[in-house]
Amino acid sequence: MILDDLVAATTKRINAEKAETPLVQLQAQADKLPNKNPQEIVDKFLQPGLHFIAEIKRSSPSKGTIVTDFPYLQIAKDYQDAKIDAISVLTEPDYFHGNLQYLNEISNTVQTPLLRKDFTIDPYMLYQAKINGASLVLLIVAILTDEQLNDYLKLADELGLAALVEVHNEDELNRALKANAKIIGVNNRNLKDFTVDLNNSINLRPLVPEGIPFITESGIKTTADIKRLKDARVNGVLIGETFMRADNKEKIINEFKSV
Ligand SMILES: O=C(O)c1ccccc1NCC(=O)[C@H](O)[C@H](O)COP(=O)(O)O
């Protein structure tokens, strides 16, 4: 499965990065930075209305190259101008052609909270996220043990990072809730065959308590999709490809917001 390949590539990459910059060095850098308050993001997603996380990504395993022109700083400014609630920045290099440097530069360009979108498999990546300006990190339940999930949630909190805990099914959702995840993301993409089905989120929505923001991710393309998801009472949508392909990002975001 693709997640196995992503985990293998990420493990190799992080081991190489650790050899170059040891964890203690990142910890010392992180210690010097002020902590943000992760609860602020949770509270924001719980406010009435639909919240938007817009993604910056060049490619993906399911779609290959999405855009050839990739002015990531301008895209971040466009998202900020459209008053998006958070920006998801792909930092995975091998399959998404992302880069941690993009996150760093974007954090110096916009004030919008940033999600480090990567395949977190090591605490080292949480320190990297903080140092490079993230407010949120992604924790994918399918690639973590319960112990890792608990440890990374605790560390994220200590570092002042909110965690978007991603699940694909009821079993993973139960693990996320047991670990006291404060934000749940449901991925509509089946990572075995890459099909997307918004019903995945719609079916799981009632299982998440009201005090935990419910974010639906992947495959959201039209105002009709937004209406269905709003009717299902999700708190937020995470949209990548549709926004990346749009020439006028503010226009499509405003159309989606007006549903
Ligand atoms: O998108 C993929 O091909 C993919 C493959 C394996 C793991 C994760 C993958 N996608 C990451 C995402 O979660 C999406 O980038 C995100 O939900 C936005 O989806 P979309 O709006 O469909 O671009």
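1. Let's start with the ligand. Sorted by class, the shell around it has 7 polar, 6 nonpolar and 5 charged residues. Keep in mind that this is a predicted model.

2. Who sits in that shell? In total, 18 residues surround the ligand, and Ser62, Glu217, Ser218, Gly240 and Glu241 are the closest. Two elements give two or more residues to the shell: strand β10 (236-239) and helix α12 (241-245).

3. On annotation, an unreviewed UniProt entry lists residues 3-255 as "domain: Indole-3-glycerol phosphate synthase". In the model that span is 46% helix and 17% strand, and its end C-alpha atoms lie 33 Å apart.

4. The largest nonpolar core has 73 residues, and Ile87 and Ala163 have the most contacts inside it. In soluble globular proteins, nonpolar side chains tend to be buried together. Setting aside neighbours within four places in sequence, Ala163 is in contact with Leu136, Val137, Leu139, Leu153, Ala156, Ala181, Lys182 and Ile183.

5. Have a look at helix α7 too (residues 123-131). How many of its residues are buried? The count is 7 of 9, so the helix is mostly covered. The buried ones are Met125, Leu126, Tyr127, Gln128, Ala129, Lys130 and Ile131.

6. What covers those buried residues of α7? The cover includes helices α1 (2-20), α2 (23-31), α6 (100-107) and α8 (146-158), along with strands β5 (114-117) and β6 (136-140).

Notes:
Residues are numbered from 1 along each chain as its sequence is written. This is a predicted model: local features need pLDDT of at least 70, side-chain atom pairs count only at pLDDT 80 or more; totals for chains, interfaces and linings use all residues. A residue is near a molecule or strand if its C-beta atom, placed from the backbone, lies within 6 Å of it. Helices (H or I, at least four residues) and strands (E, at least two) are DSSP runs, numbered from the N terminus. Ala, Val, Leu, Ile, Met, Phe, Trp, Tyr, Cys and Pro count as nonpolar, Asp, Glu, Lys and Arg as charged, and the others, Gly among them, as polar. UniProt positions are given in the numbering used here, feature names are shortened, and annotations may be inferred rather than shown by experiment. A nonpolar core is a set of buried Ala, Val, Leu, Ile, Met, Phe, Trp, Tyr and Cys residues joined through C-beta atoms within 7 Å. A residue is buried if 20 or more other C-beta atoms lie within 10 Å of its own, exposed if 12 or fewer, and partly exposed in between; C-beta atoms are placed from the backbone. Two residues are in contact if their C-beta atoms, placed from the backbone, lie within 7 Å.
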